[in-house]
Amino acid sequence: MAVRIPGINIDEYYQQLGPIEPLIRDDRVTEIMVNGNDHVYVEMAGKVVLTNIKFVDEDQLLNVIQFIVRTVGRRIDERQPLCDARLADGSRVNAVIRPLALNGPLLTIRKFSRDPFQVEDLIRFGSCNEAGFGFLKAAVLAKANIIVSGGTGTGKTTFLNVLSGFIPVEDRIVTIEDAAELQLHQEHVCRLETRPKDINGEGEITIQRLVINALRMRPERIVVGECRGGEALDMLQAMNTGHDGSMTTLHANTTRDALARLETLVLMAGVDLPVRAIRQQVASGINLICQLNRLRDGSRKVTAIAEIVGMEQEIITMQDIFMLEQKGATPEGKVIAEFKPTGLRPKILDRIFSQGIPLPKEITALFPPPPGYKPSSR
């Protein structure tokens, strides 16, 4: 179910959103981009279009922004002219006002389905196939540490939510986010959210601090909505000290770029570590990287599932387990592509086989299980 803010009637809440209320209620709209009071864009079916919706003036738009921000206990003003927040239904919000926004307030809303997408939905959308999800499910059950990598708007949070759905119901999960978006169905979930500075510039609680605190909460899984700073080091250390099965997302365009990005984020922690030591932490802590990309037809797809194999001298070595092979496009411009195994044997198979975790036939056909392997029914 979607994130709800206690004590709020959702219909009355939507009515406070002024001209964009019908866009919030329209399930076809996935993103709303307000550029000043007279330019409202939306994303529908992967395409961005300008609507005829306008705010009366800048003050009306500011009032809507202030309403959204106040509802989640945050603030936006001249001293702090940008803010991350969320709607009562869990949709992600970013707002920027003057003096940073030169031509008027900017409001961006990333909508989430009222019913979070399941594996079957992403397969139907062509984001990934049964074989890919079967392998990832086995990896999650085997407590692989997974990074979901991709650019802006590639569906990282949605994909992380689906992967988190593979976590067994008996596991204690701690989720850590800037703005709470993950919608896990398991019962034993501890949800943590950052807090910005107050009006006096005090009281900030960062993702890094929440990750450190999560380690004291006896977590069996730590799920960080997005690594974007020094918390990457704490996350890596957790993965290397027995907290297997952790997951996070980060911004990168390829699996190799994701490693470079992770290295940069670790350095942002301000700890004077040699690059080789950081890479050793990455190589021993991370098992899989799922790369998401947005193709030229607007579709969001998993383009690679790569496994970190180890290190050779100063370089982290990787191998692609699945790859998206693009084969052209239809006359309408829709990309024709096939997501399939590369034929390289994943190292994590040994852990999966030893625990009797089921695998898709595409994997077992390539890599026959050892004698006596009996997959469980989970």
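Colleague: Where is Ala45 found in this structure?
Modeller: Ala45 is found in the loop between strand S2, residues 40-44, and strand S3, residues 47-50, and please keep in mind from the start that this is a predicted model.

Colleague: You mentioned H7, so which helix does Gln208 lie in?
Modeller: Gln208 lies in helix H7, which runs over residues 207-214, and with a relative accessible area of 26% Gln208 is partly exposed.

Colleague: What does Gln208 touch?
Modeller: If residues up to four places away in sequence are not counted, Gln208 touches Gly230, Glu231, Asp234 and Ala269.

Colleague: How do H7 and H8 pack?
Modeller: H7 and helix H8, residues 231-239, pack at an angle of about 20°, and their axes are 8 Å apart. Since angles under 35 degrees count as roughly parallel, that makes H7 roughly parallel to H8. The contact is made by Ile207, Gln208, Val211 and Ile212 on the H7 side, and by Glu231, Asp234 and Met235 on the H8 side. By class, this contact of H7 with H8 has four nonpolar, one polar and two charged residues.

Colleague: Changing topic, how many residues are in the largest nonpolar core?
Modeller: The largest nonpolar core has 46 residues, and those with the most contacts inside it are Phe135 and Phe159. The largest share of this core, eight residues, comes from helix H5, residues 130-141.

Colleague: Which residues does Phe135 touch?
Modeller: Not counting residues up to four places away in sequence, the residues that Phe135 touches include Leu288, Ile305, Phe322, Pro346 and Ile363. There is also a second, separate core of 34 residues, which includes Ile176, Ala214, Ala283 and Ile316.

Colleague: Last one, which residues does the cis peptide bond join?
Modeller: The cis peptide bond joins Arg98 and Pro99, with omega at about 10°, and Pro99 has its place in the loop between strand S5, residues 92-96, and strand S6, residues 106-110.

How values were computed
Residues are numbered from 1 along each chain as its sequence is written. This is a predicted model: local features need pLDDT of at least 70, side-chain atom pairs count only at pLDDT 80 or more; totals for chains, interfaces and linings use all residues. Side-chain values use heavy atoms; hydrogens and water are left out. Helices (H or I, at least four residues) and strands (E, at least two) are DSSP runs, numbered from the N terminus. Buried means under 20% relative accessible area, exposed over 50%, partly exposed in between (1.4 Å probe, protein chains only). Contact means heavy atoms within 4.5 Å. Axes are lines fitted to C-alpha atoms, for helices over the stretch in contact, and angles run from 0 to 180 degrees between N-to-C directions. Angles under 35 degrees count as roughly parallel, over 145 as roughly antiparallel, 65 to 115 as roughly perpendicular and the rest as oblique. Ala, Val, Leu, Ile, Met, Phe, Trp, Tyr, Cys and Pro count as nonpolar, Asp, Glu, Lys and Arg as charged, and the others, Gly among them, as polar. A nonpolar core is a set of buried Ala, Val, Leu, Ile, Met, Phe, Trp, Tyr and Cys residues joined through side-chain atoms within 4.5 Å.
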